[in-house]
Amino acid sequence: MSVVTTDPIFLLYHRRRATFNSPPIFRLNSKNPPLFIQNCTPTPNRRASICSRHFCPPKAVSSSDTAVVETSESSSVTFSETFPLKGAEKLEGKITIRLESEKDEEYWKLTVGCSLPGKWVLHWGVTYIGDTGSEWDQPPLDMRPPGSVPIKDYAIETPFERLPASLEGDSFYEVKIDFNTNSSIAAINFVLKDEESGSWYQHRGRDFKVPLIDYLQGDGNVVGAQKGAWPAGELGQISNLIIKPEVDDSEGDNLRESNMEKRPLQGFCEDHSVFKEVVTDNLLNVSVRHDLETSKNVVYIETGLPGDVVIHWGVCRDEGKNWIIPAEPYPPETILFKNKALRTLLQQKQDGCGSWGSFTLDKGFAAFVFVLKLNENTWLNCNGDDFYIPLTSSVITDEHSGLTHTKREEQLAEVGSPMISDDSSESKEAKDDIIKEIRNLVTGISSVKSRKTKSREAQESILQEIEKLAAEAYSIFRSSTPTFTDIDQSEDEDLETPVKISSGTGSGYEIVCQGFNWESHKSGKWYMELQDKVSELSSLGFTVIWLPPPTDSVSPEGYMPRDLYNLNSRYGNMDQLKALVKSLHKAGIRVLGDAVLNHRCAEYKNQNGVWNIFGGRLNWDDRAVVADDPHFQGRGNKSSGDNFHAAPNIDHSQEFVRNDIKEWLCWLREEIGYDGWRLDFVRGFWGGYVKDYLEATEPYFAVGEFWDSLSYTYGEMDHNQDAHRQRIVDWINATNGTASAFDVTTKGILHSALEKCEYWRLSDEKGKPPGVMGWWPSRAITFIENHDTGSTQGHWRFPGGKEMQGYAYILTHCGTPSLFYDHIFFEYKSQISTLISIRKRNKINCRSIVKIVKAERDVYAAIIDEKVAMKIGPGHYEPSNGQNWSLATEGNDYKIWEISR
């Protein structure tokens, strides 16, 4: 999770515009702040990126003359170009936290507000009296404000409400939480999230904590309470309070042990400073004028960037781009840097809006080269290269203006920033090469089919290469606007059996069963119970089953793993698991192991009493824990994803950790016989590590749980969920397309569509499915319920009574459907069996073509592969009689038709 801490808070912020023609915008992941990223794009179709350099103190250069000269009438303009820039405007605001009583001392209200613009969400939870450790719990239902959305089993996300603007025109955003002091809640914990930038706000690197009982007063992240008592009538006079230093953890433990009594709650109000850098549009104008009389060139540079702008510059004698220092005179405010370059402070314009500079150069130079320095951490260059301004007509500017794919862009892609489409010649050649390779491979597989002389393995090999090339193409050409178009691939009718496409992605015809629920561990013999259902699962048509986490775990459900090589869990022992997997394989069902790689529970405490020393065969120390997990004092590197509150978050950047995980996964593959993985909480670490693990273990099928909140405005789900599915697609792309991901976007949209009779939501602006299945269907695992959302947890339960509409949707559409155990065996077995039969009979697969024919208030209808028609919703739809459709099945507000054969 990207984190920004208060005291004060600093954040880079910008708005993304969904247009291909606008200058590219790079999004900063604020886990590694201060290098401020800006863009410079030569017009047209060029771009810039940041060049980070190390500088030594400069040496002054004396020059009595200036380089500003009057040009004669015989001069001519030889070069002129405008580069769009992204400048920065610093906004200052405050986060306000206020606790006050309502009508009497029993009912209270916590208000959290922010004065800066943004799409603010409060990510919060509670601590109950008697809880140990740092994990959160979800608050009771009557405490949750309208529009709140549960996040797994430990948190709630509530969107801020925008208040009417003040007389000064400023806006204010706030969330109000009402609670009763007679409850068993010990504290309210929260962090703030700006969904526009994806950044999080903490208090000194930890969660904000508002204590409701006395023993929490010693906690270092407590707000309000440690300042003393504040009568409610004085709240309006209290602001900008100074927070005391954090107390020692051992002192906090003593407080907890010595004082567990609740005290009368007292109100407070405090403000925390917060800053944002808002990216603004600016221009850099560069022109060259050649004076025929003096044979000198005058370079004129003008920009609207605010503040001091330093130009770091030199000249080149040829096209080799080797910098040299020209002879004097130099412009005013010029110094020599390490005898390699000059630095000139541009002069402020008379109106104060920007700056300018003029540079007179003798003949004989091929180009004027420079970069711009805004401060010690912020540099502007041209797409990873220097600005190269030709001084002679023989220089080919496109060749030297830095229009190449840069390492900085690759670094940005690694932390989830959008890539930029490029129209340069190199990019075009790369694109043409990939297209040519794909065409050759398609021709190859066609010839294989026509000759009937080569083996099925040869076809598989060719399809593997096509998939890899497609993933490579997507990685290179992914646009800053959140769009993705999957290549339509229809299976040849002559191929009677599915073929393996590539490692981790299966054949495209998989139908997945989640083989457990939240209560499955309670019998202690789940593996044996499931073995009795193997034959039935096979007859229903399932090809893949997802089993629960197999390892020793602090929690009985398995999602708090401890000793990874100990496979005696509450679901059964290792021998029972192996027997179950063997039976499933005999029935033709592949098996996914639930691998929890993001976090791991420790066996021992360190010298500070913190649980971060691991036991068992993988006896890691605190170097295996990320450094920015505030609860577990890790000595690793900063996290590459979001932190999970309840257990130490593993640092996958450590080579010894990755090697141990790969060895463990390979052991599971060989010892147990797993065919692939369901990867838990992959939002917690970079997808590139997943790619590493999958390449080492070569699974048949793999799917990641990338779960975060959809976009809401004042409690109402937004129609456009492109930003949400883009984050999932970005993760898939980080794995190089080797893994699929659960299509959380589709589940969320189905919720609103069915619950509120808003079936128009099931078509995006381009008339395609609005989830991940509409962009990358071969990597979308569709579902309507699982052990977290349904079962006895019910964190995000599908609308009651409408489950079969959901299954009618995902079992007829593209993507790979995953069905929940409870629905299969307790509620809808016969209806689900019928839908699976229709899907298999018509060879619907993850790449099937969906043609949406109706998406209105009360009805949604689509035709799939021109073989199956379907509709859900109470509204009317019948397919055209001219195509010989026959009704295959129907139920409560859903119908499926097939083409009669």
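Count up the secondary structure and you get 15 helices and 40 strands in this protein. Keep in mind as you look around that this is a predicted model.

Let's start with the whole chain. The protein has 901 residues, and 56% of them are buried. Its accessible surface comes to about 37000 Å², with carbon and sulfur atoms accounting for 47% of that. Now think about who touches whom: take the contacts between residues at least 6 apart in sequence, and 69% of these join residues at least 24 apart.

Next, head inside. In soluble globular proteins, nonpolar side chains tend to be buried together. Here, the largest nonpolar core has 117 residues, and Tyr 807, Tyr 860 and Ile 872 have the most contacts inside it. Setting aside neighbours within four places in sequence, Ile 872 is in contact with residues including Leu 754, Tyr 759, Leu 762, Ala 808, Tyr 809, Val 859 and Tyr 860.

Finally, find helix α11, which runs over residues 722-734. From first C-alpha to last, α11 reaches 18 Å, close to the 18 Å expected for its 13 residues at 1.5 Å a residue. This helix is mostly covered, with 10 of its 13 residues buried. Those buried residues include Ile 728, Val 729, Trp 731 and Ile 732, but also Asp 722, Arg 725 and Asp 730.

Note on methods:
Residues numbered from 1 in each chain as written. Predicted model: local features only at pLDDT ≥ 70, side-chain atom pairs only at ≥ 80, totals over all residues. Heavy atoms only, no water. Helix = DSSP H or I, 4+ residues; strand = E, 2+ residues; numbered from the N terminus. Buried < 20%, exposed > 50% of the residue type's maximum accessible area, 1.4 Å probe, protein only. Contact = heavy atoms within 4.5 Å. Areas by Shrake-Rupley, 256 points an atom, 1.4 Å probe, with all protein chains shown as cover. Core = buried A, V, L, I, M, F, W, Y, C linked by side-chain atoms within 4.5 Å. Expected span 1.5 Å × (residues − 1).
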